Amino acid sequence: MNAITQPEVKRDSRQKISLGMILLKARTFIALIILTIVFSIVAPNFFSTNNLILVAKHVTLYALLGIGMTFVIVSGGIDLSVGSIVGLTGMFAGGLIYEGLVLPMFGVAIYFNIFMVMLLAVLLGVLVGAVNGILISRFKVAPFIVTLGTMYIARGFALLRSGGETFPNLIGEPELGNTGFPVLGAGNFLGIPISIWILIVIGLIAAYIFKKTPLGWHIFAVGGNQRAAELSGVRVNRVKLFVYMFSGFCSALVGLIVSSQLVASHPATGESWEMNAIAAAVLGGTSMAGGIGTIGGTIVGAFVIGVLNDGMVMIGISEFWQMVIKGLVIILAVIVDQFQRNLQSKLALMNKEA
């Protein structure tokens, strides 16, 4: 009979925990593969080229919102206004194309070219984000309260813009010089939809900011321990202002892409999309406690949401059950995240004692 010494027991435990950590860190990617296989079996058309392109277009929207949300959550905040900013900026752009900038006092309407329309819509999204950031950083109001308020305000302005009606047929008119808007949502470059190129560019920029710039390190520092970050000289207010402005920027891009894909703007567009953005970030490993998160993880999390949504629709699961299932997935993701943290703490303690 072989005796197992205490160090051998500890080494074996560490190896098991390390293997568990690897599986936990890869959990989102593993879930994506499993979902893809399952839906490909139960829904024969799921793995077709046309459907995968459709899924990718949906994922682009969730991923862009998720990237902005990741910045906010890693800094220790939350942004509930992203869905309403999508609706507001879409209506703003749609109104400028459909009826121009009306100046009642002069009895005229000014029409802008598409580039200027999109620039103004993006600036509007950044402005709403700046309002969130200022109220949270300068006036010390809780992010949940501020963004809940701006969620209703932005949605209200989106409804007021057209009296609740849709701006249809946003193809513009050549004589007004405002054509070309549908290209953003339906155009391709090198065979890949332009919206996916936008996601690639924004994703790379966001990942670079996160990992390679002092601003990115400061975002992690503020989310990890705000007091320690302040004592270290981090300008916390500026960091918070930036993350909410960036979230508004990403939301405005989504508002433009959706309106372009539909060739129409509706004030209800983006309702509850903040939940998809939060889900993408959390599934991708972003900690709701702040200080932890990756852009790549969020994009994979967005793919899980997109595949789950599309797969459930294709196999005929009702919209109500889809909401239940997505809610359960989010709760499960948070529980697994907490389990991973506990496991990391245990592994660190065992390594310290070794």
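Predicted model: local features only at pLDDT ≥ 70, side-chain atom pairs only at ≥ 80, totals over all residues.
The buried residues are Trp-273, Glu-274, Asn-276, Ala-277, Ile-278, Ala-279, Ala-280, Ala-281, Val-282 and Leu-283. After α12 comes Gly-285, whose phi is positive, near 100°.

One of the elements that packs against α12 is helix α4, made of residues 82–98, and the axes of these two helices lie 6 Å apart at an angle of about 130°. An angle of this kind makes α4 oblique to α12. On the α4 side the contact is formed by Val-82, Gly-83 and Val-86, while α12 contributes Trp-273, Glu-274 and Ala-277. Sorted by class, the residues of this contact comprise 4 nonpolar, 1 polar and 1 charged.

A second pair of helices is formed by α3 (residues 49–74) and α11 (residues 236–262), whose axes come within 7 Å and cross at roughly 170°. Because angles over 145 degrees count as roughly antiparallel, α3 is described as roughly antiparallel to α11. The residues of α3 that take part include Lys-57, Leu-61, Leu-64, Ile-67 and Phe-71, and among their counterparts in α11 are Phe-242, Val-243, Phe-246, Cys-250 and Val-254. The contact of α3 with α11 divides into 15 nonpolar, 4 polar and 1 charged residues.

In soluble globular proteins, nonpolar side chains tend to be buried together. In the present model the largest nonpolar core holds 83 residues, of which Ile-67, Phe-71, Ile-202 and Val-254 touch the most other members. Helix α3 gives the most to this core, with 13 residues. For Phe-71, leaving aside neighbours within four places in sequence, the contacts are with Ala-206, Ile-209, Phe-210, Ile-219, Phe-242, Val-243, Phe-246 and Ile-295.

Attention may now turn to individual polar residues. Asn-178 is placed in the loop between α6 (143–162) and α7 (182–186), and with a relative accessible area of 1% this residue is buried. A polar atom of the Asn-178 side chain lies 3.1 Å from the backbone oxygen of Ile-97, and the side chain of Asn-178 also reaches the backbone nitrogen of Glu-173 at 2.8 Å. Beyond residues up to four places away in sequence, Asn-178 touches Ile-97, Tyr-111, Phe-112, Asn-113, Ile-114, Ile-171, Gly-172 and Glu-173.

Glu-173 itself lies in the loop between α6 and α7, where a relative accessibility of 38% makes Glu-173 partly exposed. Besides Asn-178, Glu-173 touches Thr-179, when residues up to four places away in sequence are not counted. Although Glu-173 and Tyr-98 are 75 residues apart in sequence, their C-alpha atoms are 9.3 Å apart in space.

Ser-162, in helix α6, counts as buried because its relative accessibility is 18%, a value that falls under the 20% limit. The side chain of Ser-162 reaches the backbone oxygen of Glu-165 at 2.4 Å, and, with residues up to four places away in sequence again set aside, Ser-162 touches Met-91 and Phe-167.

Notes: Residues numbered from 1 in each chain as written. Heavy atoms only, no water. Helix = DSSP H or I, 4+ residues; strand = E, 2+ residues; numbered from the N terminus. Buried < 20%, exposed > 50% of the residue type's maximum accessible area, 1.4 Å probe, protein only. Polar contact = N/O pair within 3.5 Å; in protein donor to acceptor, adjacent residues only side chain to side chain. Contact = heavy atoms within 4.5 Å. Axes fitted to C-alpha atoms, helices over the stretch in contact; angles between N-to-C directions. Parallel < 35°, antiparallel > 145°, perpendicular 65-115°, else oblique. Nonpolar A, V, L, I, M, F, W, Y, C, P; charged D, E, K, R; others polar. Core = buried A, V, L, I, M, F, W, Y, C linked by side-chain atoms within 4.5 Å.
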